[in-house]
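Trainee: I would like a close look at the charged side chains of this protein. Could you take me through one part?

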Amino acid sequence: MSITTGTWNLDPTHTEIGFAVRHIMSKVRGKFETFEGSIVSADPISDSTVNVEVDLSSINTGTADRDNHLRSSDFFDTETHPKMTFTSTGVVQKSDESFVVNGDLTIKGVTKPLQLDVDFLGEGKDPWGGTRVGVEATGEISRKEFGIDFNIPLEGDKVMIGDKITITINAEAVLEA
């Protein structure tokens with residue numbers, strides 16, 4: 001695997017930043033509609049960087065009432081903390097198409113480490129004369145570590161909302177000319 005060195009900007013039309021969380025006996029999935037980010041690929045690959053900023057008010061779980069509750073002070077408190085950010089601290093190549101990107105995730109003013117397992121999906125020319133790269137990343141966080149601990153107790157020492165959040169990122173980025 002070889003990736004062209006340079007700055008790659010996330011294409012919001014072809015990128016999805018999503019999540020899943022346990023809710024009673026199922027999982028709720030959602031995504032963020034508004035974000036921007038870049039990948040700076042370097043040689044060696046370990047010198048590469050990733051920076052992403054997400055507008056938390058753009059959350060979309062498919063249910064307007066739930067989304068409004070997630071924007072409230074019970075969860076993201078988007079009036080006080082409108083953005084979530086990720087800044088990489090290191091990139092480790094595991095194989096030709098597999099990487100680990102370590103970084104700092106900040107939500108509600110709290111910064112914690114996040115490890116993303118990343119699959120490189122390829123690089124190539126697009127129909128508009130640009131060069132694109134595709135990646136898929138997954139990671140997991142504890143929402144309580146970020147001060148997002150709202151919950152409702154259920155029978156049998158259970159709670160309505162799980163603590164573990166699975167993050168999934170399917171991204172296409174365009175090389176700056």
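Is R22 buried, exposed or partly exposed?

Mentor: First, the ground rules. This is a predicted model, where local features need pLDDT of at least 70, side-chain atom pairs count only at pLDDT 80 or more, and totals for chains, interfaces and linings use all residues. Residues are numbered from 1 along each chain as its sequence is written, and side-chain values use heavy atoms, with hydrogens and water left out.

Now your residue. R22 counts as partly exposed because its relative accessibility is 42%. Buried means under 20% relative accessible area, exposed means over 50%, and partly exposed lies in between (1.4 Å probe, protein chains only). R22 sits in strand β2, residues 16-23. Strands are DSSP runs of E with at least two residues, numbered from the N terminus.

Together with K27, R29 and K158, R22 makes up a patch of positive charge on the surface. A patch takes residues with over 30% relative accessible area and no salt bridge, and joins like charges within 9 Å. Lys and Arg count as positive. The place of a charge is NZ for Lys and CZ for Arg.

Next, the salt bridges. Such a bridge needs a side-chain nitrogen of Lys or Arg within 4 Å of a carboxyl oxygen of Asp or Glu. The whole structure holds four of them.

One involves strand β2 again. K31 and E16 meet at 3.7 Å, N to O. K31 belongs to strand β3 (residues 26-32) and E16 to strand β2, so this pair ties together parts 15 residues apart in sequence. K31 counts as partly exposed because its relative accessibility is 29%. E16, at 35%, is partly exposed too.

Now turn to R132. Between D11 and R132, the closest N and O atoms of the salt bridge are 2.6 Å apart. D11 lies in the loop between β1 (6-10) and β2, and R132 in strand β10 (residues 131-142), so the pair ties together parts 121 residues apart in sequence. D11 and R132 are both buried. For R132, the reason is a relative accessibility of 15%.

R132 also bridges to E172, with the closest N and O atoms 2.8 Å apart. That pair links distant parts of the chain: E172 is in strand β13 (residues 161-175), R132 is in strand β10, and 40 residues separate them. E172 is partly exposed because its relative accessible area is 26%.

D11, D126, R132 and E172 are linked in a network of salt bridges.

Terms used. Patch = residues over 30% accessible without salt bridge, like charges linked within 9 Å, V, L, I, M, F, W, Y side chains within 5 Å. Areas by Shrake-Rupley, 256 points an atom, 1.4 Å probe, with all protein chains shown as cover. Helix = DSSP H or I, 4+ residues; strand = E, 2+ residues; numbered from the N terminus.
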